[in-house]
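Please look over the sequence and the model below, and then follow the text from the whole chain to single residues.

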Amino acid sequence: NSGTPRGATIVQGTEIEVNEVEQSYIMIKPDGVQRGLVGEIISRFEKKGFVLKGLKLFQCPKDLAQEHYKDLKEKPFFPKLIDYITSGPVVCMAWEGDGVVASARKLIGATNPLQAEPGTIRGDLAVQTGRNVVHGSDSPDNGKREIALWFKEGELCQWESVQTPWLIE
Ligand code: ADP
């Protein structure tokens, strides 16, 4: 694969093979935006070495929030969760890199910020599960699903970071 840009389409004979790099949907929730934590949170993923492929500030409609959290719709806190996510703008992001999904979950920390380790985003910046400042996809498949849900075609940028050869041998 040397010489092939990461994420590029490789044409082999008549078959087209897409060399996909893992992506995670990361979202700064309305409390993170209101509390002025946007720069801080973005900078943790940048410094780690992941590559930002999509970014927008967005006021989320109710039906999109319900679709995003559809696996939780039977939970007692579901209506409050939908009110919370739609209560102000969120920052939608697509981050790319090998192992980004699991690594981002570690950087974010446990769902309950009081149980999140110091050094994690929730461990450092939040105190309550209902105001835990950031979302991160829980599997590569959900990363794809959520990025397709929150971004329209043309909103993601295809670009190569000059840092990549200094991050990956
Ligand atoms: P995570 O965001 O860590 O993947 P979950 O998928 O379990 O966690 O839950 C999604 C979101 O729902 C949480 O981040 C949080 O905002 C909210 N949530 C989960 N559990 C509760 C709860 N017991 N009370 C209020 N909100 C909750």
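Among contacts in the protein between residues at least 6 apart in sequence, what percentage join residues at least 24 apart? The share is 73%, where contact means heavy atoms within 4.5 Å.

This is a predicted model, in which local features need pLDDT of at least 70 and side-chain atom pairs count only at pLDDT 80 or more, while totals for chains, interfaces and linings use all residues. Residues are numbered from 1 along each chain as its sequence is written, and side-chain values use heavy atoms, with hydrogens and water left out.

## Overall build

The protein has eight helices and six strands, these being DSSP runs numbered from the N terminus, with helices (H or I) of at least four residues and strands (E) of at least two. Read from the N terminus on, the elements follow the order β-β-β-α-α-β-α-α-β-α-α-β-α-α. Of the 169 residues, 43% count as buried; buried stands for under 20% relative accessible area, exposed for over 50%, and partly exposed for values in between, with a 1.4 Å probe and protein chains only.

## Nonpolar cores

A nonpolar core is a set of buried Ala, Val, Leu, Ile, Met, Phe, Trp, Tyr and Cys residues joined through side-chain atoms within 4.5 Å. The largest one holds 20 residues, of which Ile26, Ile41, Phe45, Met93, Trp95 and Ile121 touch the most other members. Two or more residues come from each of β3 (23–28), α2 (38–48), β5 (90–96), α5 (100–108) and α6, and α5 gives the most, with four residues. Leaving out residues up to four places away in sequence, Trp95 touches a set of residues including Ile26, Ile42, Phe45, Phe50 and Val100. A second, separate core has 17 residues, among them Cys60, Val90, Ala94 and Trp150.

## The ligand and Arg122

The ligand is surrounded by Lys29, Tyr69, Leu72, Phe77, Leu81, Arg105, Thr111, Arg122, Thr129 and Asn132, a residue being counted as near if one of its heavy atoms lies within 4 Å. Polar contacts are pairs of N or O atoms within 3.5 Å; within protein, one atom must be able to donate a hydrogen and the other to accept it, and residues adjacent in sequence count only if both atoms are side-chain atoms. A polar side-chain atom of Arg105 lies 2.8 Å from an oxygen atom of the ligand, an N or O atom in the side chain of Arg122 lies 3.0 Å from a ligand oxygen, and a polar backbone atom of Thr129 is 3.5 Å from an oxygen atom of the ligand.

Arg122 belongs to helix α6 (residues 121–125). Its side chain also reaches the backbone oxygen of Gly109 at 3.2 Å.

## Salt bridges

Side chains of opposite charge can pair when their charged atoms come close. With a salt bridge taken as a side-chain nitrogen of Lys or Arg within 4 Å of a carboxyl oxygen of Asp or Glu, the count comes to seven. Some of these pairs are listed here.

| Pair | N to O distance |
|---|---|
| Glu20 and Lys144 | 3.2 Å |
| Glu40 and Arg44 | 2.8 Å |
| Glu67 and Lys70 | 3.4 Å |

The side chains of Glu20 and Lys144 meet in a salt bridge that links distant parts of the chain, with Glu20 in the loop between β2 (15–18) and β3 and Lys144 in helix α7 (residues 140–150), 124 residues apart. Both Glu20 and Lys144 are exposed. Glu40 and Arg44 are separated by about one helical turn, because they stand four residues apart in helix α2. Glu40, Arg44 and Asp124 are linked in a network of salt bridges.

## Two loop residues

Val133 lies in the loop between α6 and β6 (134–136), and its phi is near 60°, a positive value in a residue other than glycine. Most residues other than glycine have a negative phi. Val133 counts as buried because its relative accessibility is 0%.

Gly88 lies in the loop between α4 (78–85) and β5, and at 5% relative accessibility Gly88 also counts as buried. Leaving aside neighbours within four places in sequence, Gly88 is in contact with Pro30 and Gln59.
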